[in-house]
Amino acid sequence: NDLYYTFVGNAQLKPEDVQQWNLGIGWQPKPNRYWKQLLVQIDGYLNRVNNKIMAVPRQNLFQWSMMNVGRVHVTGIDASVAWESNWRRQAQWYARIAYAFQQALDRSDPQSLAYNQQLPYTPVHSGSGLLGYRFRQWFVHYQFMWSAYRYRAGDRVPDNFLPGWQTHDARFGYALRSQHRFSHRFSLELSNIGNQSYEIIRYYPMPGFQFRLGYQLTFTSSQ
């Protein structure tokens, strides 16, 4: 598809070659009265990429094109903490927070203005988090995502600058199990609660506040 797919393909595309070094560590202590599960992870990596394949938008959001970036040096860190409570049997809290650092520098041509600059549409910092609560058949779920600034393809001028963004979402629901192998799940989802105006791709704003009602019916057959 990267070579020949309609409007997207690039028949001159070269295969990507990567040398990658990765070092990670995790910590998961035994459960106690404060947590049923606790997991802390951190990973660091160094990538040396030749002919990196990257997708960039063309005239509109639905037409992208694949291209090679001759040589790219990537340095990154991924860190996360996940926690689940162990306080009450019928009520449970859970949370997760994650952070990513990625420095992806174009090292293709020392004479180019893009030399040693961050790749287009690639933020250096990004992260996400969630917090949830379950009580019997009820559940509440909140999450956020954020991204630091980045630049679109081209020179690093104000017209190509894309500011950072963040979104906040929430979900409420109720699950009901009947005696006839049917289970019902009702939900209300709220997206972009702050109604933030932001762009992931230049000149294509993302949706503002929106909500969705849901119902899910599940049937479990007998063994």
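The model is predicted: local features are reported only at pLDDT of at least 70, side-chain atom pairs count only at pLDDT 80 or more, and totals for chains, interfaces and linings use all residues. Residues are numbered from 1 along each chain as its sequence is written, and side-chain values use heavy atoms, with hydrogens and water left out.

The protein chain contains zero helices and 13 strands.

The C-alpha atoms occupy a box of roughly 70 × 40 × 40 Å along the principal axes. The radius of gyration of the protein chain is 22 Å, whereas a compact globule of 223 residues would have a value near 17 Å. That radius is taken over C-alpha atoms, and the globule rule is 2.2 Å times the number of residues to the power 0.38. Of the 223 residues, 26% count as buried; buried means under 20% relative accessible area, exposed over 50%, and partly exposed in between, with a 1.4 Å probe and protein chains only. The accessible surface comes to about 15,300 Å², and 55% of this area belongs to carbon and sulfur atoms; the areas come from the Shrake-Rupley method with a 1.4 Å probe, and for residues only the protein chains shown count as cover. Among contacts (heavy atoms within 4.5 Å) between residues at least 6 apart in sequence, 55% join residues at least 24 apart.

The charged side chains comprise 23 positive and 13 negative ones, and the centres of the two sets lie 15 Å apart. Lys and Arg count as positive and Asp and Glu as negative, while His and the chain ends are not counted; each charge is placed at NZ of Lys, CZ of Arg, CG of Asp or CD of Glu. Side chains of opposite charge can pair when their charged atoms come close. A salt bridge requires a side-chain nitrogen of Lys or Arg within 4 Å of a carboxyl oxygen of Asp or Glu, and the count by this rule is four.

One of these joins Arg134 and Glu84, with an N to O distance of 4.0 Å. Because Arg134 belongs to strand S5 (residues 125–135) and Glu84 to strand S3 (residues 64–84), the pair ties together parts 50 residues apart in sequence. Arg134 is partly exposed, at 33% relative accessibility.

Glu189 and Arg171 form another salt bridge, with their closest N and O atoms 3.6 Å apart. Glu189 lies in strand S10 (residues 182–191) and Arg171 in strand S9 (residues 165–177), so this pair ties together parts 18 residues apart in sequence. Arg171 is partly exposed, at 28%. Arg171 and Glu189 are also linked with Arg212 in a network of salt bridges.

A salt bridge between Glu199 and Arg202 spans 3.8 Å from N to O. Here Glu199 is partly exposed at 22% relative accessibility, whereas Arg202 is buried at 17%.

Most residues other than glycine have a negative phi, and most peptide bonds are trans. Asn51, in strand S2 (residues 37–57), has a positive phi near 60° and is partly exposed at 23% relative accessibility. Asn192 has a positive phi near 50°. Asn192 is placed in the loop between S10 and strand S11 (199–201) and, at 5% relative accessibility, counts as buried.

Definitions and conventions
Helix = DSSP H or I, 4+ residues; strand = E, 2+ residues; numbered from the N terminus.
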